[in-house]
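Biologist: I would like to learn how to read disulfides in a protein model. Could you walk me through this one?

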Amino acid sequence: MEVKKMLGLLFGIFFLDGLFLLSAASNVHHYSFILKETNFTRLCFEKPMLTVNEQFPGPTIHVRKGDTAFVNVHNDGKYGVTIHWHGVKQPNNPWSDGPENITQCPIQPGKNFTYEVIFSDEEGTLWWHAHSDWSRATVHGHIIILPEIGKTYPFPEPYAEQTLFLASWFNTDVKELIDDATLIGADPDPSDGFTINGWPGALYNCSNETISTFEVEYGKTYLFRLVSGVMNEEMFFGISGHNFTVVTQDAAYLKPIVTSYIMIAPGQTMDILLTADQSPSSYYIAASPFFDSGAPFDNTTTTAILQYTNATAPSSIPFPSLPSTTDKESVDNFTSKLKALASEEHPISVPQNFTKRIIITVSVNQLPCDLVNGTCGGPQGNRLAASLNNISFSTPTTDILQQYYSMLNDTSFDSDFPSQPAVLFNFTGDDADYYLLPEVGTKAKLIDYGESVEIVYQGTNIGNAENHPMHLHGYSFYVVGSAYGNWNETTSPDTYNLIDPPEVNTVGVPKNGWTAIRFVANNPGVWFMHCHLERHASWGMNTVLIVKNGPSNDTKIRPPPLNLPTCA
């Protein structure tokens, strides 16, 4: 798996392997993605599953900062699918952002659509994934964004680079799994395991036939590009016997963090530098869940091997010491160290003030059972739900972007998502279940172009409190504050970091706590905002931010592409 100087060779040559075509003289790249059912066997279960180019994980996209990639997606699968380019801001181009029935209708079987993926200031590692139902479990891959030609990393150039993808494995068909659970309002079964680059590793039954192995040479430093595409669990990650240095998160540079472990949430990416400075041997790489909640979850551990070249394998491979499943202190110890690099070469621009503040409660709820016969699968026979500001999002059948762009009078969404909860109460208190039943609706929030926006995500003790990784499409944002308990308008802003907060696209809202973010609304479009725990997104923990057009042509939404998929 070693890739010696691969990235230095990719640019400056004309490269063609059936997947992509690129030229050093151009900053435009072309890819072909074929969606189709492919048979895979893991944990002694063989099943057909939706893949891109018959790969799990799928192919890696390679670009440089500021490039554009055209990706033609041809759907040879059994149902409609869309692709999202997670963390790519897509300036003025929400048409290629991808969330189903938010910015486009799905690509139907036998059809194709070419996404224009526009990179701007991102630099580092992002990822792409399906954004229809739970198909991202098997349809996903890396995006590697190198510095512009003539620019370098803000750290010594590594000897080589490796990609590492954390994912969930289900023995059953994931679409059937979520469809069946949704039908009766039940909690879908947890995954049967986790994988590193498609393989579960040594600790599962019937899985020791293959394990991901990363070869390293003693004394060399490697850049590992880590993505968490896990469906419903945040993950601890470590490498036995080795510390490493975290240098980016969500394609933005950080002040270097030397650590023996990280905690990474679904949707997040991190780049880590590892120096192979231990006795040449084999060492386990491992990832296990952080899950501080009473909900069911996958409590297993995936492994890979860090293998020194020309080293004899030991009789017993050492295992990393990872924090326990509920170790909030270790989570806080790591996340509190995340700070933007904020250097002269890589400056940041944190809004010091705001012109619009939005306070959003984040809750797991229940709805009355609507089955004609029988009871639902949630607590007390109810239907499980989730909400933002006590509104459980109902996905429309016609995409919101086309309706908004066409200025239709009769739309399937309302533009009155509230700027604060309708009822103020002790959000993290024991009496929060009084607000268990949410409103159901398709509501968006309109924001003027150029506004300096502050969003406060307030976790609640409604239903089953837990951490929530919140993701905003079309933007990166600065995480200016976070704490346990209820956010306080008077005292909480005094704790904000407005000097070097991390710039991310996905942030964890702590269980029974709050997180505050800031950004400038300078990207017009229709942008989805949702929890990246797939269970919660399926239950309605979503909304839409619509940033209005600005005053000039280059601050307006681009016209739609000619081949945009039509709604069935």
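Modeller: Let us begin with Cys44, which is exposed, with a relative accessible area of 53%. Exposed means over 50% relative accessible area, buried means under 20%, and partly exposed lies in between (1.4 Å probe, protein chains only). Please keep in mind that this is a predicted model, where local features need pLDDT of at least 70, side-chain atom pairs count only at pLDDT 80 or more, and totals for chains, interfaces and linings use all residues. Residues are numbered from 1 along each chain as its sequence is written, and side-chain values use heavy atoms, with hydrogens and water left out.

Biologist: What does a disulfide join to Cys44?

Modeller: In general, a disulfide is a pair of cysteine sulfur atoms within 2.5 Å. Here Cys44 is joined to Cys206, with an S to S distance of 1.6 Å. The two cysteines are 162 residues apart and link distant parts of the chain: Cys44 sits in the loop between β3 (28-42) and β4 (45-52), and Cys206 in the loop between β12 (193-196) and β13 (213-216).

Biologist: Is Cys206 buried, partly exposed or exposed?

Modeller: Cys206 is partly exposed, at a relative accessible area of 35%.

Biologist: How many disulfides does the count come to?

Modeller: There are 3 disulfides by the sulfur distance rule. Another of them joins Cys105 to Cys567, with S to S 1.7 Å. This pair also links distant parts of the chain, 462 residues apart: Cys105 lies in the loop between β7 (83-86) and β8 (112-118), while Cys567 lies in the segment after β34 (542-547). Cys105 is buried, with a relative accessible area of 0%, whereas Cys567 is partly exposed at 32%.

Biologist: And which cysteine is joined to Cys369?

Modeller: Cys369 is bonded to Cys376, with S to S 2.2 Å. Cys369 is partly exposed at 28% relative accessible area, but Cys376 counts as buried at 6%.

Biologist: Why is the disulfide of Cys369 and Cys376 called right-handed?

Modeller: Look at the torsion about the S-S bond: it is about 80 degrees for Cys369 and Cys376, so this disulfide is right-handed. The link of Cys44 and Cys206 is right-handed too, with 60 degrees about its S-S bond.

Biologist: What is the pairing when the bonded cysteines are numbered in sequence order?

Modeller: In the protein chain, the pairing reads 1-3, 2-6, 4-5.

How values were computed
Helix = DSSP H or I, 4+ residues; strand = E, 2+ residues; numbered from the N terminus.
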